[in-house]
Amino acid sequence: MREENQPFESEPWQAEYVNTWSRLPLGLRRHLARIAPREAFQLVLSDGSDEILEAFVENPHISQAEILILIDRARTLHLLEKISRTPKWYASHTIKRRLLSNPHVPYSVACRILDYLPFVELRRVMTNVNLSSEIRSKARESFRKAFQRLSDGDTSSIFLSTEGRVLRELTVLTAKDKRVLIQLVQRPQVPRALVQNLASSSLTPPEVLQLIARRPIWIRDSIIRRALLANSKTPRKLKDSLRNQHSW
């Protein structure tokens, strides 16, 4: 058998390797991983060496299915980086999403993906406790930027679907967000949970808080009323009016 440091580039695949794989030198296994036929893919994927898996990425016959398995089994930054730098695989949204699910994904790779990840998927990354705090912080930053790019209709849908809880993930509201919120609270029917979260949030514009206070049905709600009184954005005159109208 050849020494470990001898080249194996000219070595062809042989059927007997299926039975002798674990006894083959690392260098040979690395070479064979690059040329293995499809019927041997499971054998290569079962190899515990990170070097073998990294070499397998270069096999011209592998499909997305094998790449997804590699991502799930990857324990090294280099393997995940290598996959992300291969245009054929990085073009797949499925692969980019799977890369973000691996706790070992490099911060640089995560940043590249997060910059283009759809808004609705960023929240899942933000709440994935298996990822580093740096990556989750970057996801939160991308989430806020993506929220600002949403249309009025999409922004309205997010406020409604989250019942206003999305405000907890934001740091500022734009003129668009303010416009959408004003339109929402002026609707004949507004979910109570949305009104309560708006009344509680320090991001809610004073104009929106004033509109909430104009609805008797909401002011009679003690929880919403207390939220308005505790909110630093509620105008002082409005607070005084609420205190005068309702005894505690």
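A residue counts as buried under 20% relative accessible area, as exposed over 50%, and as partly exposed in between. Aspartate 152, with a relative accessible area of 31%, is therefore partly exposed. The model is predicted, and its protein chain averages a pLDDT of 91, with 96% of the residues scoring at least 70. Over residues 1-5 the pLDDT is below 50, and this stretch has 10 contacts in the model beyond near neighbours in sequence. Where pLDDT is low, the predicted coordinates should not be read in detail.

**Nonpolar core**

- The largest nonpolar core has 77 residues.
- Ile83, Ile212 and Leu228 are the residues with the most contacts inside this core.
- Leaving aside residues up to four places away in sequence, isoleucine 212 touches Val185, Val195, Leu198, Ala199, Trp218, Ile219, Ile224 and Leu228.
- In soluble globular proteins, nonpolar side chains tend to be buried together.

- Helix α14 spans residues 192-200, and its buried residues are Leu194, Val195, Asn197, Leu198 and Ala199.
- Three of these names, Val195, Leu198 and Ala199, also occur among the contacts of isoleucine 212.
- The cover over the buried residues of α14 includes α12 (152-161) and α13 (175-185).
- It also includes α15 (206-213), α16 (216-219) and α17 (222-230).

**Salt bridges between separate parts of the chain**

- The structure holds 20 salt bridges.
- One of them joins the side chains of arginine 30 and glutamate 51, at 2.5 Å from N to O. Arginine 30 lies in helix α2 (residues 26-35) and glutamate 51 in helix α4 (residues 50-56), so this pair ties together parts that are 21 residues apart in sequence.
- Arginine 30 is partly exposed at 24% relative accessible area, and glutamate 51 is partly exposed at 37%.
- Glutamate 58 and lysine 82 form a salt bridge, with their closest N and O atoms 2.5 Å apart. Glutamate 58 is in the loop between α4 and α5 (64-73), while lysine 82 is in helix α6 (residues 77-84); the two are 24 residues apart, and the pair links distant parts of the chain.
- The relative accessible area of glutamate 58 is 42%, which makes this residue partly exposed; lysine 82 is partly exposed at 22%.
- Aspartate 152 pairs with arginine 179 in a salt bridge whose closest N and O atoms are 3.0 Å apart. The aspartate lies in helix α12 and the arginine in helix α13, so the bridge ties together parts that are 27 residues apart in sequence.
- Arginine 179 is partly exposed, at 38% relative accessibility.

**Salt-bridge network**

- A network of salt bridges links Asp115, Lys138, Glu141 and Lys145.
- Side chains of opposite charge can pair when their charged atoms come close.

- Arginine 97 is placed in helix α8 (residues 93-99) and is partly exposed, with a relative accessible area of 38%.
- Arginine 97 and leucine 114 are 17 residues apart in sequence, and their C-alpha atoms are 9.4 Å apart in space.
- Proline 103 lies in the loop between α8 and α9 (107-114) and is partly exposed at 45% relative accessibility.
- From proline 103 to serine 132 the separation is 29 residues in sequence and 7.2 Å in space, C-alpha to C-alpha.
- Not counting residues up to four places away in sequence, proline 103 touches Asn130 and Leu131.

Key. Residues numbered from 1 in each chain as written. Predicted model: local features only at pLDDT ≥ 70, side-chain atom pairs only at ≥ 80, totals over all residues. Heavy atoms only, no water. Core = buried A, V, L, I, M, F, W, Y, C linked by side-chain atoms within 4.5 Å. Buried < 20%, exposed > 50% of the residue type's maximum accessible area, 1.4 Å probe, protein only. Contact = heavy atoms within 4.5 Å. Helix = DSSP H or I, 4+ residues; strand = E, 2+ residues; numbered from the N terminus. pLDDT = per-residue confidence, 0-100. Salt bridge = Lys/Arg side-chain N within 4 Å of Asp/Glu carboxyl O.
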